[in-house]
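Below are my notes on this model, as numbered points. Please read them with the structure open.

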Amino acid sequence: MILLLAGTLEARQIAWGLVDQGLPVEASMAGATRKPERLPLPTRIGGFGGEDGFRAYLAEKGVTKVLDATHPFAAQITDRTARVCADLALPYCQLLRPGWVPEKEDDWTFVDAPDAVAQHIPQHATVFLATGRQTLAQFKGLRGRRVLARIVDPPTAPFPFEGGEYVIARPPFPLDREVDLFTQLGVTHLVAKNAGGPAGVAKLTAARQLGLPVIMINRPAMPAATRVSTVQQALDWIKTA
Ligand code: NAP
């Protein structure tokens, strides 16, 4: 059985690419989003229960290869899967889409971690955090600024630090909506993770149009492993590995 580690647009496209091929595949989603879009393949949802649980799952399901199409910032699952597959001599491939690169009108500052963001943002700023719900607490150095964090599902906990507010919105976020939102909220700085891909790029185009500085968080280091950058390459790998 092929295991497709999912949670991205590309994983969904791979699932659709595999649907008529009659291959035994199971997709796996972390379960971070409360109402994830369904995949056209048998899908399990939720963590495996750590490394032991993951190893047990691989054995129980007779997994023969693993395609990792998780988010570029989902470093734990990628590191562990690459390592366990290498240990078990299971073919493993990561699909990692290219990161975003600035254009000449852009004002981007690159940092390696959330705790390095605050030093690039003045106290009077209105900061839009497009970095996801899970890592909000890591931006506590922004305390004192007006911080607006966009999340998909309604919050289950108060904002993790003073001065923060949630902006609840479900994608897609087209360019005109991003421009309107940043203008209405009086955003002066955008913080983003360099996820890459078309789905999240409009916020960066909106920042360019509005002349807003962007603090861009670099991707975590990736393990040494087989890696492709497009859905087609990933589908080809599944056929040949
Ligand atoms: P992670 O930190 O790499 O993984 C944490 C744990 O989640 C794993 O150890 C595993 O639990 C479980 N997990 C992750 N992906 C899974 C999958 N496809 N199937 C089953 N279990 C899975 O990954 P993350 O928690 O998903 O995300 C980490 C960061 O990535 C977030 O903070 C966010 O910045 C970014 N992210 C963004 C988006 C987005 O749409 N913007 C989506 C996903 C992630 P067990 O150890 O129990 O197996």
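1. By class, four nonpolar, three polar and two charged residues line the largest cavity. Here Ala, Val, Leu, Ile, Met, Phe, Trp, Tyr, Cys and Pro count as nonpolar, Asp, Glu, Lys and Arg as charged, and the others, Gly among them, as polar. The lining consists of Thr8, Glu10, Ala69, Thr70, His71, Pro72, Leu95, Leu96 and Arg97. A lining residue has an atom within 4 Å of a cavity point.

2. This is a predicted model, in which local features need pLDDT of at least 70, side-chain atom pairs count only at pLDDT 80 or more, and totals for chains, interfaces and linings use all residues. Residues are numbered from 1 along each chain as its sequence is written, and side-chain values use heavy atoms, without hydrogens and water.

3. The search of the whole structure finds one cavity of 30 Å³ or more. The largest cavity has a volume of about 50 Å³. A cavity is a set of points, on a 1 Å grid over the protein atoms alone, where a 1.4 Å probe fits but cannot get out. The volume is the space filled by probe spheres set on the points, joined across faces, edges and corners.

4. How many residues surround the ligand? There are 21, and the closest are Ser28, Phe48, Ile77, Arg80 and Lys193. The cut-off is a heavy atom within 4 Å.

5. For a backbone N or O atom of Phe73, the distance to a ligand oxygen is 3.4 Å. The protein covers 74% of the 870 Å² of accessible area that the ligand has on its own (Shrake-Rupley method, 1.4 Å probe).

6. Zero disulfides turn up in the whole structure (cysteine sulfur pairs within 2.5 Å). For Cys85, the nearest cysteine sulfur is that of Cys93, 11 Å away. Cys85 is buried, at 1% relative accessible area, and Cys93 is buried at 0%. Buried means under 20%.

How values were computed. Buried means under 20% relative accessible area, exposed over 50%, partly exposed in between (1.4 Å probe, protein chains only). On a 1 Å grid over the protein atoms alone, a cavity is a set of points where a 1.4 Å probe fits but cannot get out, and a pocket is an open set with protein on both sides within 12 Å along at least five of seven lines; lining residues have an atom within 4 Å of a point. A polar contact is a pair of N or O atoms within 3.5 Å; within protein, one must be able to donate a hydrogen and the other to accept it, and residues adjacent in sequence count only if both atoms are side-chain atoms.
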